[in-house]
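Have your viewer ready and follow along, one selection at a time. Each stop says what to pick and what you will find there.

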Amino acid sequence: MTTKAAIDAISRTRLYRGGRLDMVDFPVADVSDYIDQPDSVVWIDLCGPSPADVELVGEELGLHKLAVEDAIESHQRPKLDRYADHQLLNMYGVTLESSTGELRLSEITVFLTRSALVTIRKDDLFDIDDVIARWDNSSDLAECGVGFLLYGLVDHVVDGHFDAVQTLDDEIEGLEDVLFGDSSGGGERERAGDMRRDLDVQRRSYSLRKSLVKLRRVVLPMREVVNTLMRRDLDVVHEDMTPYFQDVYDHVLRATEWTESLRDLVGTIFETNLSIQSNRLNIITKQVTSWAAIIAVPTAITGFYGQNLPYPGFAAQSGFIWSCLLIVALSGGLYAAFRHRGWL
């Protein structure tokens, strides 16, 4: 049996008896005293435990050594592993930094037995207080045992996924507004502003796309996890809790479909931004070409009149006047033609 000094990690405990909260924050070493009592359900939470702490909890509950090894290792994929008398659930809470678009993941491992639920958090980013608040707000379901505790936990995780997807959707809509915003003009400052806007759109597109890829990795497997939890042969979810888990499953499906559509949308925005840059480059090329054609007129005329041989108007004032008139007329005509076509 473990001792109070054996668990170095920050731990929290709860004991439910007969569907009511009976005790909180008792020593982990006392778990074995309550776990075999009828109508008793125990919750143990460890935050940032050492491998020795996890192993001691595994000994206390009689957990399989492979399950304990998976709980010690970090960066496990979201999954549900079944053992003879318990299950191992791994999932991720998510937090999105709206200022940078960076997605932060918080891994949580859960052991499920007939009368105990153990949560092992790798860090304190996961808001376990919100989970406890959900349990307290729906205490009428506590008589459903471990399934009641598991529902509050999984529902919190899935809601976090859904909130992250919704925030990413808002960020992408804002990116679309920036992308298709009207250009303020054709001056140097305006062109510099367009370049900064293009760089900002490109940077935000990469950041959002990276966050969506990370979110997809933790959201998609949850569909299979929640679906498996509702299987009757697993005997985890009480019959009265089935509608609640079905509601969670519906949220998982919506978050999955939304994530897939947003990933495609971000890719489209990135490609559209490249197309806009290409179109802007074509416009600039037309402008440069138009001015080059206009400048070529006086160059050609003055070069012609610079020939070292007699020609009409040679060494006469009329020749100078006619050359100036040709330059003005042809250059003005080209400018008007290019302006009419929208090249200038």
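Start by selecting Asp-130, Arg-134, Asp-155 and Asp-159, which are linked in a network of salt bridges (a salt bridge is a side-chain nitrogen of Lys or Arg within 4 Å of a carboxyl oxygen of Asp or Glu). Before moving on, note that this is a predicted model, where local features need pLDDT of at least 70 and side-chain atom pairs count only at pLDDT 80 or more, while totals for chains, interfaces and linings use all residues. Residues are numbered from 1 along each chain as its sequence is written, and side-chain values use heavy atoms, with hydrogens and water left out.

A search of the whole structure finds 12 salt bridges. Next, pick Asp-136 and Arg-14, whose side chains meet in one at 2.9 Å, N to O. Asp-136 sits in helix α4 (residues 128–137) and Arg-14 in strand β1 (residues 10–17), so this pair ties together parts 122 residues apart in sequence. Helices (H or I, at least four residues) and strands (E, at least two) are DSSP runs, numbered from the N terminus. Arg-14 is buried at 8% relative accessibility, whereas Asp-136 is partly exposed at 39%. Here buried means under 20% relative accessible area, exposed over 50%, and partly exposed in between (1.4 Å probe, protein chains only).

Now select Arg-204 and Glu-171, another salt bridge at 2.3 Å, N to O. This pair links distant parts of the chain, with Arg-204 in helix α6 and Glu-171 in helix α5 (residues 146–179), 33 residues apart. Arg-204 is buried at 11% relative accessibility, and Glu-171 is partly exposed at 22%.

Stay on helix α6 (residues 188–229) and click Ser-211. Is Ser-211 buried or exposed? With 3% relative accessibility, Ser-211 counts as buried. Which residues does Ser-211 touch, leaving aside its neighbours within four places in sequence? Show Leu-96, Gly-101, Glu-102, Leu-103 and Leu-168, which are in contact with Ser-211 (contact means heavy atoms within 4.5 Å).

To finish, zoom out to the whole protein chain: its secondary structure comes to 8 helices and 7 strands. Buried residues make up 42% of the 344 residues. Among contacts between residues at least 6 apart in sequence, 66% join residues at least 24 apart.
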